[in-house]
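This briefing goes through one protein model by topic. Please keep the sequence and the structure at hand while reading.

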Amino acid sequence: MNLKTIRMTACGLATALAFSGMSLTAEAAGRSSVLSSGGVNLALNRGNSLTEVSSDSIMPIEAIIEWAAAEEVGLVIPEAEPTEEDLFRNLVIAQVTNYVNVRSVPSEEGEIVGKLYNNSVGTFISEENGWYQITSGNVTGYVKGEFCVTGEGAVELARQVGTRIARVNTTTLKVRSEPSLEASVLGLIPLEDELVVLEETEGWVKVDVEEGIGWVSTEYVDLHSEFVQAESKEEEEARLAKEEEERRRAREAAAARAAENAANSGSSAPAQTYVVSGDSEMGSAVAEYALQFVGNPYVYGGTSLTNGADCSGFVMSVYANFGVSLPHSSSADRSQGAAVDGIGNAQPGDLVCYSGHVGLYIGNGQIVHASNSRTGIIVSNADYRKILAVRRIF
């Protein structure tokens, strides 16, 4: 499954207040004001009960009166900044074995308009007879409340299922050994690549990179929380068709490559130090081809299998030999092909994605990858670092 993700940042939290008698209610904002912008609109209107507004977000009656008085004399009221809890409280997070259907109406008889997969998120709009109306990605509809968590329960769960990401906003980001501009440089990360955040401090974030655990200045990255969104019925159909077409093209390319290898079998061939194992014939061809370049150098920004490549450049150039176009970006590789459920189900040729890094699975729990400038292209155990995703191209 090639599921979409939502990036949620703390944008402006526009708060509109209405005072009528003693009735205060909360109403969640729709898709255009939440998912697309990453912010949250919280409107206090008539219609719901006071218990639907958390104690943290309730404004005292006196403050509301002062607000109304200020509006009468034309004073500008500054917008409040949302907290992370404000954003997370408005999420609806699926807690199911596989997925929960998103329907057109709050009923089992409603048309299925999409799927909200386990730990995927939507944005709460309203509740009706035990159904939550949500918007997520390109899907707006209803899910059964019993299969989801929202409100206060979503706050802590969002921190667990979401991934905190630092996106590089400078041409070449220096990852340092300590949170200081005077500290030694561990590695370099290209513009727009993404790193998993392990810890946040004033002005610095701790990140996981190929060279080890390091620190980057928040001046050179944009921080956001990333969540998986729903997939519409049309998107699922298009994805399955695309995956089938890619598999067909890959089979043809792999067969052509195998025929070429057979024709050249009389020439000197590199000795195979590592054994490729798995049920995927096409993926095995990719893995065997990639292993020919073990020992060649790592070059930051490079794409040459012989003269030097970085991690995504290596993967890109290996697959280009089989007629498959991949991006020169380890973070973009996390959305290529189809999702594989864990390294235990990986086949040769699968992309194994890490924070700021990517490699090719060869079987037996190992990957081949352009590691760093010190080691070059090597074979490593796949679990030598935390795996973010496994993606199948064939």
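The notes below start with overall figures and then turn to helices, strands, single residues and salt bridges.

The model is predicted: local features need pLDDT of at least 70, side-chain atom pairs count only at pLDDT 80 or more, and totals for chains, interfaces and linings use all residues. Residues are numbered from 1 along each chain as its sequence is written, and side-chain values use heavy atoms, with hydrogens and water left out.

**Overall figures**

- The protein has seven helices and 27 strands, where helices (H or I, at least four residues) and strands (E, at least two) are DSSP runs numbered from the N terminus.
- Of its 394 residues, 45% count as buried; buried means under 20% relative accessible area, exposed over 50%, and partly exposed in between (1.4 Å probe, protein chains only).
- Among contacts with a separation of 6 or more, 63% are between residues 24 or more positions apart, a contact being heavy atoms within 4.5 Å.
- The accessible surface is about 19,000 Å², and carbon and sulfur atoms hold 48% of that; areas come from the Shrake-Rupley method with a 1.4 Å probe, and for residues only the protein chains shown count as cover.

- Six strands form an open sheet in the order β22-β27-β23-β24-β25-β26, with antiparallel pairing; two strands pair if DSSP finds at least two bridges between them.
- Strands β22 (338-339) and β26 (376-381) are at the edges with a single partner strand each, so one side of each has no neighbour in the sheet.
- Six bridges join β25 (residues 366-372) to β26 in the antiparallel sense, and Ala 370 has Ile 377 in β26 as its bridge partner.
- Helix α6 (residues 281-291) has eight of its eleven residues buried, including Met 282, Val 286, Tyr 289 and Leu 291.
- Helix α6 lies across β24 (357-363), β25 and β26 and runs at about 110 degrees to β24; axes are lines fitted to C-alpha atoms, for helices over the stretch in contact, with angles from 0 to 180 degrees between N-to-C directions.
- Helix α7 (residues 311-320) lies across β23 (351-354), β24, β25 and β26, at about 50 degrees to β24.

**Strand β7 and its partners**

- Strand β7 (residues 112-117) pairs with β6 (residues 99-103) through five bridges in the antiparallel sense, with Asn 101 opposite Lys 115.
- Strand β7 also has two bridges to β19 (residues 231-232), again antiparallel, and the partner of Lys 115 in β19 is Glu 231.

- Gln 133 is part of strand β9 (residues 131-136) and is buried at 19% relative accessible area.
- Leaving out residues up to four places away in sequence, Gln 133 touches several residues, among them Phe 124, Ile 125 and Tyr 142.
- Gly 130 is in the loop between β8 (121-128) and β9 and is partly exposed at 39%.
- Apart from neighbours within four places in sequence, Gly 130 contacts Val 143, Lys 144 and Gly 145.
- Val 185 belongs to strand β14 (residues 185-190) and is partly exposed at 41% relative accessible area.
- Val 185, Leu 188 and Tyr 300 make a nonpolar surface patch of about 220 Å²; patches are made of residues with over 30% relative accessible area and no salt bridge, with like charges joined within 9 Å and nonpolar side chains (Val, Leu, Ile, Met, Phe, Trp, Tyr) within 5 Å.

**Helix α4 and the salt bridges**

- In helix α4 (residues 152-161), Ala 154, Val 155, Leu 157 and Ala 158 are the buried residues, and they pack against α3 (84-89), β5 (91-94), β11 (148-150) and β18 (221-228).
- The structure holds 19 salt bridges, each a side-chain nitrogen of Lys or Arg within 4 Å of a carboxyl oxygen of Asp or Glu.
- Arg 89 and Glu 85 form one of them, with the closest N and O atoms 3.3 Å apart; both residues lie in α3, four residues apart.
- Arg 89 is buried at 13% relative accessibility, whereas Glu 85 is partly exposed at 31%.
- Arg 159 and Glu 156 form a salt bridge at 3.5 Å, N to O, and lie three residues apart in α4, about one helical turn.
- Glu 199 and Lys 206 form a salt bridge at 3.3 Å, N to O.
- Salt bridges with shared partners link Glu 85, Asp 86, Arg 89, Glu 152, Glu 156 and Arg 159 into one network.
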